[in-house]
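Q: Could you take me through one part of this model in detail, the open sheet and the residues around it? I would enjoy a connected account.

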Amino acid sequence: MKCWWRISIFRFVLLAAVASVLVACGQSQTTTSPSGNAWTLVWSDEFGGSNGSTPDSSKWTIETGGDGWGNHELEYYTSRAQNVQIQNGSLVITALKETYTGKDGVTRNYTSARMKTAGKFEQQYGRFEASIRIPYGQGMWPAFWMLGNNSGSLGWPGCGEIDIMENIGKEPAIVHGTIHGPGYSGADGIGSSFSLPKGRFADDYHLYAVEWEPNLIRFYVDSNLYATRTPADLPQGTKWVYDHPFFIILNVAVGGDWPGAPDNATVFPQTMLVDYVRVYKKSASR
């Protein structure tokens, strides 16, 4: 397998610089996170396919549709190469301003892509991380997040949701990490934000991660721990629902209840670049 020696100051923070090369070469990996915990790699996608290829179908399902996705979003998610493909060792999700009608007869004025690991990779607990360069602009809503694998049977928010990274484009220097569950979902989700001291997140790749253990979820940007969630944070009488496997989702929404619609200043196309997604389990104590 070809090694991708692509080093930049934000793509590979110090804690992962050497380990990233090992993964790209198909070797095993262990890493120590800023929390001091040791982790062993169990799943990853380095997006090393040929230019123009689709994401690995053994790892991802590309979701399609334009029904608003529960948030009154304005895009139609497609599986077309115009919206999702591999380029130069990164996953590229592209949001376009165009009139598009899907096979279901729904017409939208924007297109984008959304993909998930449901049924292909699901895990309870671990470190989940991705190196991402997000888009920007009013109405853009990129996200790296997880849903409980019982979402089909139990529904949302009972299945639980962990938002590792969300951004609304009108706040280019702020990202959010949030948990949603029964009694604390939607606008009442329990979240925190992280702000860059200068610049915007769209200017380079950053590492977004959670470390999820029993009764504990830590949120990171690069090597910065900015939030820790435990059952003590929940509203009285509500339930901690992060005790079963979750799957991963990557998407770029356009519009919706939280970011609002694009305006005349929003530039299209917009892209989210994902260098890699990696999942670890906590290493056994020595």
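A: Happy to. Two strands pair if DSSP finds at least two bridges between them. In this predicted model, 3 bridges join β3 to strand β8 (residues 114-116), and the two run antiparallel. One of the pairs across them is Thr 61, whose bridge partner in β8 is Lys 116.

That pairing belongs to an open sheet of 7 strands, ordered β3-β8-β17-β10-β11-β12-β13, with antiparallel pairing. At the edges stand β3 (61-63) and β13 (190-195); each has a single partner strand, so one side of each lacks a neighbour in the sheet. From one strand to the next, the twist averages 15 degrees.

Now to β11 (residues 161-166), where Glu 161 is found. Glu 161 is buried yet has no salt bridge: Arg 114, the nearest side chain of opposite charge, is 8.1 Å away. What Glu 161 does have is a side-chain polar contact of 2.7 Å with Trp 156. Beyond four places in sequence, Glu 161 touches residues including Trp 145, Met 146, His 180, Tyr 242 and Phe 246.

Arg 114 also turns up among the contacts of Tyr 77, along with Glu 63, Ser 112, Ala 113 and Asn 251. Tyr 77 is found in strand β4 (residues 75-77) and counts as buried because its relative accessibility is 0%. Ala 253 is 176 residues from Tyr 77 in sequence, yet their C-alpha atoms are 8.5 Å apart in space.

How values were computed: Residues numbered from 1 in each chain as written. Predicted model: local features only at pLDDT ≥ 70, side-chain atom pairs only at ≥ 80, totals over all residues. Heavy atoms only, no water. Helix = DSSP H or I, 4+ residues; strand = E, 2+ residues; numbered from the N terminus. Buried < 20%, exposed > 50% of the residue type's maximum accessible area, 1.4 Å probe, protein only. Lys, Arg positive; Asp, Glu negative; His and termini not counted. Salt bridge = Lys/Arg side-chain N within 4 Å of Asp/Glu carboxyl O. Polar contact = N/O pair within 3.5 Å; in protein donor to acceptor, adjacent residues only side chain to side chain. Contact = heavy atoms within 4.5 Å. Axes fitted to C-alpha atoms, helices over the stretch in contact; angles between N-to-C directions.
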